[in-house]
Amino acid sequence: MRMVDLIEKKRDGETLTNEEIKFIVDGYTKDEIPDYQMSAWAMAVFFRGMTDEESAALTDAIVHSGDTIDLSAIEGTKVDKHSTGGVGDTTTLVLAPLVASAGVPVAKMSGRGLGHTGGTIDKLEAIPGFSVEISNDRFIELVNRNKVAVIGQTADLTPADKKLYSLRDVTATVNSIPLIASSIMSKKLASGADAIVLDVKTGSGAFMKELDDAKELARTMVKIGNDLGRNTSAVISDMTQPLGYAIGNALEMKEAIDTLKGQGPEDLTELCLVLGSHMVVLAGKAETLEEARSMLENVMKDGSALAHLKKFAESQNGDPDVIEHPEKLPQAAYTYEVKAKESGYVSGIVADKIGTAAMVLGAGRATKQSEIDLAVGLVLRRKIGDRVEEGETLVTVHSNSENTDDCVKRIYESYTISQDKTDAPPLIYDVMK
Ligand code: URA
Ligand code: CA
């Protein structure tokens, strides 16, 4: 086989065979196919697209380009949740103990990552002492015992994706649905999940700004998962404004604790119940989504979901007292109220802009080397559709620096206040399985 022929074939809109796709991925991983040919191929895919069968073959080839994790020593159906990313997305912190307390094993491998706030590991580390540096054996033992554990990622998963994603980044080929879908799904499959629930975000703060694109991405990922033998469902949810109120690591941990107590923000609670119900059904712990939802509502009400978070934290060396005394989480030195300059209704909060306002305080990493300040961040006091009077607080800033000018300027830029009553956007647009 010659790469030039396969580029030509895709350029002309033909369909590649599984063998041809494997040849491309293997050759690129081993540096036998140079970047310039892979770039040309990625651009051909960008314009011509891929069939569902090609997308599944691409995913499978990327999965097998590196290590895969074997979770078979963990009892039960391991269901993983993946979010395509948003601002202040606290769902994992809530969902892991929530579904675990309903008997669903949650074996999470997580990274730190770049972004407005830290990743799941950073947020968990807001609990003093919490550590993800545990051995594989201990990880498996904890999931079997507590139904939930989180470990830092060490294995060399999907090297083909790392290489191809960096190449796409500099060749204007990131925004191709088959390439995004195979990139995301390959990482989920390589990390050993038996079943997958996808939270595909749409709106200004999401990767997929348009609903139709989000739907097509969700459809493609669900098809790939199911074709490769893992039951997969997707929920398409709103990211025109941040989810919940808190944006920042310790602040989101506190918000997760409130939510597990049944006292969290309405949107975050609802999304966790919806995603969690799909996880419970895929794990075979309930027959229907309705049954699953009432199980989850019960464990929130009777305190067992919160008790599960405590056990989870304690098992990984975290201070369990934090769960009852969230004031023991890292606290910023200063708080500052950002007040409305006029009366009206909040009609927009540009999610990625307000995310950046949290990031400039130190809540997130701009580069892999940046240090995160776990204590800092924002708490939104008004969301889309809310009435605000001049002088009332829009956002509370938690900062370790007295100078919050840059942050405050970004907050004002992200909020739109209008005289007309605006409705809150829908939370969930569609579900696919
Ligand atoms: N996230 C990924 O992991 N891969 C993509 O291609 C896009 C977003
Ligand atoms: Ca949040």
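Q: Is Asp 31 buried or exposed?
A: This is a predicted model, in which local features need pLDDT of at least 70, side-chain atom pairs count only at pLDDT 80 or more, and totals for chains, interfaces and linings use all residues; side-chain values use heavy atoms, leaving out hydrogens and water. Residues are numbered from 1 along each chain as its sequence is written, while chains are lettered from A and ligands numbered from 1 in the order in which they are written. Buried means under 20% relative accessible area, exposed over 50%, and partly exposed in between (1.4 Å probe, protein chains only). Asp 31 has a relative accessible area of 58%, so Asp 31 is exposed.

Q: Where is Asp 31 placed?
A: Helices (H or I, at least four residues) and strands (E, at least two) are DSSP runs, numbered from the N terminus. Asp 31 isn't a glycine, yet its phi is positive, at about 65 degrees. Its place is the loop between α2 (18-29) and α3 (35-48).

Q: What is the phi of Ala 172?
A: Most residues other than glycine have a negative phi. Ala 172 sits in the loop between α8 and α9, and it's exposed, with a relative accessible area of 58%. Ala 172 is not a glycine either, but it has a positive phi of about 55 degrees.

Q: What is the mean pLDDT of the chain?
A: pLDDT is the predictor's confidence in each residue, from 0 to 100. Here 100% of the chain's residues reach 70 or more. The mean pLDDT is 95.

Q: How many Å separate the centres of domain 1 and domain 3?
A: The chain splits into domain 1 (3-48), domain 2 (79-324) and domain 3 (330-418), with bounds from an automatic or database domain assignment. Taken over C-alpha atoms, the centres of domain 1 and domain 3 are separated by 45 Å.

Q: Which residues surround ligand 1?
A: A residue is near a molecule if one of its heavy atoms lies within 4 Å of it. By class, the shell has four nonpolar, one polar and two charged residues; Ala, Val, Leu, Ile, Met, Phe, Trp, Tyr, Cys and Pro count as nonpolar, Asp, Glu, Lys and Arg as charged, and the others, Gly among them, as polar. The residues around ligand 1 are Tyr 165, Arg 168, Ile 180, Ser 183, Ile 184, Lys 187 and Phe 207.

Q: Which helix gives the largest share of the shell around ligand 1?
A: Two helices, α8 (159-169) and α9 (177-190), each supply at least two residues of that shell. The largest share is four residues, and it comes from α9.

Q: How far is a polar side-chain atom of Lys 187 from an oxygen atom of ligand 1?
A: A polar contact is a pair of N or O atoms within 3.5 Å; within protein, one must be able to donate a hydrogen and the other to accept it, and residues adjacent in sequence count only if both atoms are side-chain atoms. A nitrogen atom of ligand 1 is 3.4 Å from an N or O atom in the side chain of Tyr 165. An oxygen atom of ligand 1 has a polar side-chain atom of Arg 168 at 2.8 Å. For Lys 187, the distance to a ligand oxygen atom is 2.5 Å.

Q: What percentage of ligand 1's exposed area does the protein bury?
A: Accessible areas come from the Shrake-Rupley method with a 1.4 Å probe; for residues, only the protein chains shown count as cover. Taken alone, ligand 1 exposes 230 Å². Of that, the protein buries 86%.

Q: How many residues of helix α5 are buried?
A: Helix α5 covers residues 91-100, and its buried residues include Thr 91, Leu 95, Pro 97 and Ala 100. It's largely enclosed by the rest of the structure, because the number of its ten residues that are buried is ten.

Q: Which backbone oxygen does the side chain of Ser 399 reach?
A: Ser 399 is in strand β11 (residues 393-399). It counts as buried because its relative accessible area is 3%. At 2.7 Å, its side chain reaches the backbone oxygen of Ser 401.

Q: Which backbone oxygen does the side chain of Ser 315 reach?
A: Ser 315 belongs to helix α14 (residues 304-315). Its relative accessibility is 15%, so it counts as buried. Its side chain reaches, at 2.9 Å, the backbone oxygen of Lys 311.
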